[in-house]
Amino acid sequence: MASFPDFLNENEIAKAKFIGELLAPVAPFDQKSGRETWTVAFAPDGSYFAWSQGHRIVRLVPWSKCMSNFSMRKEEWLNGAGTRHLSRHGSDIALVPGEPREHTIDCGDIVWGLAFGSSVPEKQSRCVNIEWHRFKFGQDQLLLATGLNNGRIKIWDVYTGKLLLNLMDHTDIVRDLTFAPDGSLVLVSASRDKTLRVWDLKDDGNMMKVLRGHQNWVYCSAFSPDSSVLCSVGAGKAVEAEPCV
């Protein structure tokens, strides 16, 4: 039985309206296999929305533009014109110079996990002995991590759509990704190889540790709000907790 917080009026839920949908493109002779849309993610500041379209493709959409495209007047709902579709062949939203752009990314394999990460400049890398880094992420940097069917993790620059890093230590599907919420750009990946791996993107994506507490596939992980504890679940019957300080 579902329950709702006291502040939520359950009667209002029934009034919710379907305002639109994002449609994956259909290739010639397309088959069902490979078209699955396994995962979606919002950027922490709400600027972007990402979703896996199947066939290795991730779509990055500026969310404010997407919502603007979906917005309808009450009269349009009453007249039966209450659903809008985002174009299958790119954005049907006019681009304005200097504004966030939509990107379509080919990740090279089926995408199972997505996560956005942003940097806080004063948050130093946990690898303090390294003085030189290939990547220096500023406060305005926004990254997208993609977990793939072949065990790889690819890190992309959201604003340009360019590939930055390719992390390759997992031996099976990367099922889930999560960034520490403290802006440190510490990334945790959960995999069907029964491990979680902790990566420091401010140290050029070097792997900090491997967590092997699970005896079965690992499905999902989450940080505590202060980034000090990581919890994870999988095909077993327990929640695993690990300190991450």
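**Figure 1. Overall composition of the predicted protein chain.** Of the 245 residues of the protein chain, 43% count as buried, where buried denotes under 20% relative accessible area, exposed over 50%, and partly exposed the range in between (1.4 Å probe, protein chains only). The model is a predicted one, in which local features need pLDDT of at least 70 and side-chain atom pairs count only at pLDDT 80 or more, while totals for chains, interfaces and linings use all residues. Residues are numbered from 1 along each chain as its sequence is written, and side-chain values use heavy atoms, with hydrogens and water left out. The secondary structure comprises three helices and 17 strands; helices (H or I, at least four residues) and strands (E, at least two) are DSSP runs numbered from the N terminus. The accessible surface amounts to about 14,000 Å², 53% of which belongs to carbon and sulfur atoms, as given by the Shrake-Rupley method with a 1.4 Å probe; for residues, only the protein chains shown count as cover. Among contacts (heavy atoms within 4.5 Å) between residues at least 6 apart in sequence, 52% join residues at least 24 apart.

**Figure 2. Confidence along the chain.** The mean pLDDT, the predictor's confidence in each residue from 0 to 100, is 78 for the protein chain, and 71% of its residues reach 70 or more. Among the elements, strand E11 (residues 174–179) has the highest mean pLDDT (96), and helix H3 (residues 74–78) has the lowest (42). Over residues 72–97 pLDDT stays under 50, and the model has 52 contacts beyond four places in sequence for this segment. Where pLDDT is low, the predicted coordinates should not be read in detail.

Figure 3. In one of them, the side chains of Arg 56 and Asp 106 meet with an N to O distance of 2.7 Å. Arg 56 lies in the loop between strand E3 (48–54) and strand E4 (57–62), and Asp 106 in strand E6 (residues 103–106), so this pair ties together parts that are 50 residues apart in sequence. Arg 56 is partly exposed at 37% relative accessibility, and Asp 106 is also partly exposed, at 37%. Another salt bridge joins Arg 59 to Glu 102, with the closest N and O atoms 2.4 Å apart. This pair links distant parts of the chain, with Arg 59 in strand E4 and Glu 102 in the loop between strand E5 (84–86) and E6, 43 residues apart. Arg 59 is buried, with a relative accessible area of 2%, and Glu 102 is buried at 14%.

Figure 4. The side chains of Asp 193 and Arg 197 form a salt bridge at 4.0 Å, N to O. Asp 193 counts as buried at 16% relative accessibility, and Arg 197 as buried at 8%. Lys 194 is placed in the loop between strand E12 (186–191) and strand E13 (196–200). Its phi is near 75°, a positive value in a residue other than glycine. At 40% relative accessibility, Lys 194 is partly exposed.

**Figure 5. Surroundings of Trp 63.** Trp 63 is located in helix H2 (residues 63–70) and is partly exposed, with a relative accessible area of 22%. Not counting residues up to four places away in sequence, Trp 63 touches Phe 42, Gly 46, Ser 47, Tyr 48 and Phe 49. The C-alpha atoms of Trp 63 and Ala 43, which are 20 residues apart along the chain, are separated by 9.1 Å.

Figure 6. Ser 227 occupies the loop between strand E15 (218–223) and strand E16 (229–234). The phi of Ser 227 is near 65°, a positive value in a residue other than glycine, and Ser 227 is buried, with a relative accessible area of 2%. Cys 220 is partly exposed at 35% relative accessible area, and Cys 231 is partly exposed at 33%. A search of the whole structure finds zero disulfides, a disulfide being a pair of cysteine sulfur atoms within 2.5 Å. Tyr 219 lies in strand E15 and counts as partly exposed at 35% relative accessibility. Trp 217, Tyr 219, Val 233 and Val 239 form a nonpolar surface patch with about 350 Å² of accessible area together. Patches are made of residues with over 30% relative accessible area and no salt bridge, with like charges joined within 9 Å and nonpolar side chains (Val, Leu, Ile, Met, Phe, Trp, Tyr) within 5 Å.
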